[in-house]
Amino acid sequence: MLPLSDLLIWSLAGVLFGALISWIPGFHIFNIMALLVAVFGVGELMPVQAFPFFAIGAIVAYAYVSAISSVYFSVADESAVFLLFPTQRYLLLGRGHEAVLLYLIGAVAGTLFLVIGALFLFPRILPPIYQATSPYITYFLVAIVVFMFMSEWPKEGDRGRTPAERLWLAWRQIFGGILVFFLSGLLGFIVMNTNLLPTTSAYTRLTPMFIGFFGMSWVILNILSNPPMLEQVPDDRVESSLYNTLKATFGGALGGTIAAVYPIITGGMGALIAGHMTSQRGDDAFIISQGVNRVIYYVGAFTLLFLPQLRLTRGAAAWLVSSIYTPKSYAEYLAAIGAILLSAGISFLFTYYLSRFLAKSFNVVHIKKLSYVVAVTLVVISYLLTGPMGLAVLFVSTAIGLMAAAFNTRRSYCLGGLILPVLISMTGHTGYFMHLLGLG
Amino acid sequence: MRGFTHYISGLAAATFFAALVGDLRLGILIPVIAAASAYFPDFVDFKFGKFLARRDYEIDPAPWDEKKHYAPRLVKVSELSEENRYQFFAIEGTVEDILARGSGKVSYKVLREDGSEETVTEEYNSIVFTLNDGTGKITVEAFGDDYEFFEEEFGKIEEGKKLLVFGYVDVGEEGLKLVVSDAPHPQGIADTIARAIEEAYREGERIVKIHNIRLPGDVYRRFLVHLDPPRREVRVEMGPIVTPGGVAIGGEVPEYRKYGVAKVSVPFIKTYPKPTRIDSFSGPEIAFRRAQFRGKTVVKDRFLPWHHGFSHSLTMGMIIGLVVFAFFKLIGYEHATELALASMIGQWLHVFEDQLGFMGSNLLPPITKDVVPGFKLGESGSGLTNFSTAWLMIAFMIWNFNRFTDPRPIPMSDAKLLLLLAWPSIVGFAIAIVRSFRLRREISELMDYYTNLEAFEEMEEVGGI
């Protein structure tokens, strides 16, 4: 293990790196870390033992600072062709800074929950429970997918003139979701199981697909909707209650933990389960729980790499790091927890002041212009990581991401790109489907 | 209970069968059918029943714009008729004649929180003009707070000026008029519900669908429907604009168009002691049914009449079990019997969990004909009961996975492990039971009150009942 002072410096470097890029819409820390490793490598500029701590700083910063992009740079115009996220509604009401503050309340609560859990609970509780349940992960995964389909809430249909028309309007949206899931799954299956992308992109072959599903489609919607840049109130004021905060923290922590511990189950899916289990309602509670959920999902999942009795590799960053160096000692585990606390403190301040700054100067640069710059950058990242075929994947996945929005269905159906091929593989049907698609 | 609570109960039901757990360990995922069966009643009701159900009255206070899917709908004057009275629309046209500008005093009744009425008198400014949109003319009227807003928005109103006016349709002495406002008038809602109750008393049943009010920006105008049996009134209160998460973001309507009150000439009772709140997602359906209540004929309300019917019965559980058994036996699944039992138990758990709430279900049709009232342990959306139940199911799953694995991953006695896992649910249920006593008492008092209503007795004297 490196000296503590070195680990501290590398953690701080990670926070700085993460903070500088995480506020940009469409950027994901996992993609940028992969790009960093691909371009600069690890071991020359940075000692390999320091990489997990650099990553922790960057991931914590992402979990905090990405609130800026989801609040300020994911705006929709007031015609609201599609349903808005609560953060978008806050922005349209000039309360973007309040949304960031609510998120930060959740993020801090999530950090405290994670640190206390990591010190006193997780080492004792997680290993036996994981041991007992891990052989059934496929069961949970397929159960969540089935539930996603069965529980899709038809947003239209009420106003049809006849029962048949009402039924069609409702099911049009449900069919749209199923289509998005299977198209995403088909793309994911091809990307994972063929040599469409170069073998040199082994660690980043899913990157252009996810940039398309969630990043590029989001940026294109920003460009298409050409939203108004409304004046924002920079006051430090939030409307919520202690009850809502506690309830949201509990729900967020539950969803984040499920997503962090079990593979393939993402933060959004964890939030869906926990939201139903704790019956959450209210925009303030939703935003707070998002803060909790994302910190535990991203940071908690990565921390499992350090947990001595379990050492689970969860998330793209953990896979990337573990391919270079895996922490081994309990001392490194404790140092990681310290790094989380330190990084969280700095990220909190960075996010808070950046939000105040943006709230005061929100309409200086129009989001449409920023979105053009980001779109070009996302294309460049995809090309650098996966070459020209990566751009083809980016194009197709962006179209699928936009389909989800057009059908007014859950964006999380795009996770079919990951879930479906993994389910096919887990159940031993990869060969069958390759044959069915004429791919092998 | 919420959907996931039922669903996870089905997931847990499957884990009580060692053979199914063995299949899951081998990657055979068929037992997930038990979870789908547990969720099936809500799936059928909310994906089919809701849309196919009969509607005798459809109340749409603010019809949607066809393309944008929010209110107000931009209409032509020629499209409007008296049937649109109190509905919220937008009209674009040119000011033709200024008929009146003025000020004066207006008096209106305000309902206080305790149900008492108060008459308020205010000074107001107003303008009345005709608007021509090429298909016809309509009188537009703005007064009070709405006039102030109107003037702020459009400046001085002159003949020849083009305007996009929002407001509710009303019927005056000289025909239709548009009253400038930012919400429909609640009187239309109250009138229709009152009419449905009276018809139900004569004809047996009337089902009313109430649409919600969606506005630009994915926000909703909240309104409350309060059935007041003691006063024989239906009161509708127009509330603030809220987000889909239920957070009020302002936009309170002026007092003079906040309430709609309609008198009902027949006795009715409300079975749940809270007003019906309509805001985001979709509006409710309410069935008004003639029923006997402690020896008297009254009209009773039933929320979402298409919900908790045959799909939520133990009979349906048996049918699901038989269908699952037949299908999986036919395709040669080795553990079809266990799967059928797990599916039936999963569906029964759904019925039982819903029975803990208010609505209740028709448990054993065709033997039972009507809904058996729920145990009133908590509302369906209660976080406490949902979490307690879902957590108990998670505890069961971990417990079953452990006891059906050799060697056991968690080397502990079954009883001790279950207790360690399930204690949060035990605490949660205990709190819910204590809380439910208060609510039961409130409902009981309300029902006693209905029985002793003077209004009921008066009706008997004049032969109304």
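Accessible areas come from the Shrake-Rupley method with a 1.4 Å probe; the model to which they are applied here is a predicted one.

**Exercise 1. Characterise the overall build of chain A from its secondary structure, dimensions and surface.**

Step 1. Chain A contains 16 helices and zero strands. Its radius of gyration is 21 Å, close to the 22 Å that the globule rule gives for 440 residues, so chain A is as compact as a globular protein of that length.

Step 2. The C-alpha trace of chain A extends over about 70 × 60 × 45 Å along its principal axes, and buried residues make up 60% of the 440 residues.

Step 3. Among the contacts in chain A with a separation of 6 or more, 81% come from residues 24 or more positions apart. The accessible surface of the chain is about 16900 Å², and carbon and sulfur atoms hold 71% of that area.

**Exercise 2. Locate the salt bridge between A:D158 and B:K50, and state how accessible its two partners are.**

Step 1. The side chains of A:D158 and B:K50 meet at 3.3 Å, N to O, which is a salt bridge because the cut-off is 4 Å.

Step 2. This pair crosses between chains, with A:D158 in the loop between α6 and α7 of chain A and B:K50 in helix α3 of chain B.

Step 3. A:D158 is buried, with a relative accessible area of 10%, and B:K50 is likewise buried, at 7%.

**Exercise 3. Trace two salt bridges within chain B that join parts separated in sequence.**

Step 1. B:R54 and B:E205 form a salt bridge of 3.1 Å, N to O. B:R54 lies in the loop between α3 and β1 and B:E205 in strand β8, so the pair ties together parts that are 151 residues apart in sequence.

Step 2. In the salt bridge of B:R85 with B:D170, the closest N and O atoms are 2.9 Å apart. This pair links distant parts of the chain, B:R85 in the loop between β2 and β3 and B:D170 in strand β6, 85 residues apart.

Step 3. B:R85 counts as partly exposed at 34% relative accessibility, whereas B:D170, at 13%, counts as buried.

How values were computed: Residues numbered from 1 in each chain as written. Chains lettered and ligands numbered in written order. Predicted model: local features only at pLDDT ≥ 70, side-chain atom pairs only at ≥ 80, totals over all residues. Heavy atoms only, no water. Helix = DSSP H or I, 4+ residues; strand = E, 2+ residues; numbered from the N terminus. Rg over C-alpha atoms; globule rule 2.2 N^0.38 Å. Buried < 20%, exposed > 50% of the residue type's maximum accessible area, 1.4 Å probe, protein only. Contact = heavy atoms within 4.5 Å.
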